[in-house]
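Subject: Handover of a structure and its findings

Dear colleague,

Please find the structure below, followed by a short account of what was found in it. I would ask you to read the account with the structure open beside it.

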Amino acid sequence: MKGTLAQVRTYERSVQLLMVNQFTINLGFYMLMPYLAAHLSGTLGLAGWVVGLVLGVRNFSQQGMFLVGGTLADRFGYKPLIIAGCVLRTVGFATLGLVDSLAALIAASAATGLAGALFNPAVRAYLAADAGERRVEAFALFNIFYQAGILLGPLVGMVLTGVDFRITCLVAAGIFAVLSVVQIRALPTRHADDAKGEENQDRDGVLTQWRGILANRPFLLFSAAMIGSYVLSFQVYLALPLEVRRVGGDGEFGTAAVAVLFAVSGLSTIVGQTRVTAWCKARYEPGQALARGLAVMGLAFVPLLSATALPVPGSGAGLWLMAAVPPTLAALLLAVGTMIAYPFEMDTIVRLSGDRLVATHYGLYNTICGIGITLGNLLTGVALDAAREAGMPALPWICLCLLGFACATALYGLHRTGRLAAPAAVPQPVTV
């Protein structure tokens, strides 16, 4: 960890602050969100469909507004959007803890989602701009802080929620309030055109900019190919916990085994991300690293597939091993695949944008992948149900393996055809 911090200190203050910010953002978010459904259904006694509506509004408002958030960041600067997102999430989290009417809960949920849509593209575009030629390594470090927040947040939230969920909401809101003040005071102003000293690109209309991005065929193909990485990595929250409980039951062992999944995923990234990135950068071109990362993510489900060929013990240590070991290996391999791909993925978005309207490209990319995650999880759920009804436990793991290999093949094809290279510069008219 000392080496990681030493590496962080070699970057500009703005990059250091963005990494700490992302840790804090995830800390505040994940200390609250895993326990929100239980609060809504238990403490407030809301019906299941209402709970689903409140949570769905948050996801929809975030995924649906990423493009708008990125566009605003490119037009008005990265810092204002980061601050606006933090302030909005402060209000949203405080409201979730203080109200019980459905309308107020929906509004608060929408605010927390919109907040993410505002600051996420801006943070990534800002980091890419200030990291310059070292942005692959910067995104590797960024992922460590990102995962550390995910790992610590639920632990803090569990302690606070044990006292009162409202305290969890207010503490999370307080974290974002402090973060807002820190951004205002310490984060340097950065606009999309600052790095290159170009004239402001606001003279182009929003629709013109969007049409230009939608005409960027390599970027769209890359975005579609990368959907698989998000669907596969999300199975740490969906298919793997369900498999643990299918085999091991819903008791204390199942809860502990699921916690181990999350711990393995987060800790492996914190420990290994910079080493994996350095190793891959020394040996592979970005497209090759991306394809290998997706291939490893596809291989992550082979332990689960292999386990379906073995009889499930009735009880004892054999049952525990069968329930815990294959999903844990899968979580570890998913983390390794993500470590390989993520820094090169973020870098590739910048290259395919031609270093222009970077935040808008990040916004559209997040929206495309968000839609893909929703559809992918729906199909994964269908496969899990079909496997249970047909007595074919291998079915979902075969599908997920094939998805990883298909996306890896697509990325390798894009790399071989040169579509992951930076686009040629467009000649600009000379003014006299």
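A search of the whole structure finds 12 aromatic pairs; here, rings of Phe, Tyr and Trp (its six-membered ring) pair if their centres lie within 6.5 Å, and planes under 30 degrees apart count as stacked, over 60 as edge-to-face and the rest as tilted. One of these pairs is formed by Phe29 and Phe93, which are tilted, with 6.4 Å between the centres and 35° between the planes. This pair links distant parts of the chain, since Phe29 belongs to helix 2 (residues 13–30) and Phe93 to helix 5 (residues 78–98), 64 residues apart. Helices are DSSP runs (H or I, at least four residues), numbered from the N terminus.

Please note that this is a predicted model: local features need pLDDT of at least 70, side-chain atom pairs count only at pLDDT 80 or more, and totals for chains, interfaces and linings use all residues. Residues are numbered from 1 along each chain as its sequence is written, and side-chain values use heavy atoms, with hydrogens and water left out.

Both Phe29 and Phe93 are buried, where buried means under 20% relative accessible area, exposed over 50% and partly exposed in between (1.4 Å probe, protein chains only). A second pair, Tyr230 with Tyr365, is edge-to-face, at 6.3 Å centre to centre and 70° between the planes. Tyr230 lies in helix 10 (residues 217–233) and Tyr365 in helix 16 (residues 358–390), 135 residues apart. Tyr365 counts as buried because its relative accessibility is 0%. Ring pairs also join Phe29, Tyr30, Phe93 and Phe176 into a cluster.

Two rings have a charge over them (NZ of Lys or CZ of Arg within 6 Å of the ring centre and within 35 degrees of the ring normal). Arg134 lies over the face of Tyr11, 3.8 Å from the ring centre, and the charged end of Arg292 sits over the ring of Tyr284, 4.2 Å from its centre.

Finally, consider Met322, in helix 15 (residues 316–352). Is Met322 buried or exposed? Met322 counts as buried because its relative accessibility is 14%. Leaving aside neighbours within four places in sequence, Met322 is in contact (heavy atoms within 4.5 Å) with Val247, Ala307, Leu310, Pro311, Pro313 and Pro327. The C-alpha atoms of Met322 and Val244 are 8.7 Å apart, although 78 residues separate the two along the chain.

A colleague

Definitions and conventions. Helix = DSSP H or I, 4+ residues; strand = E, 2+ residues; numbered from the N terminus.
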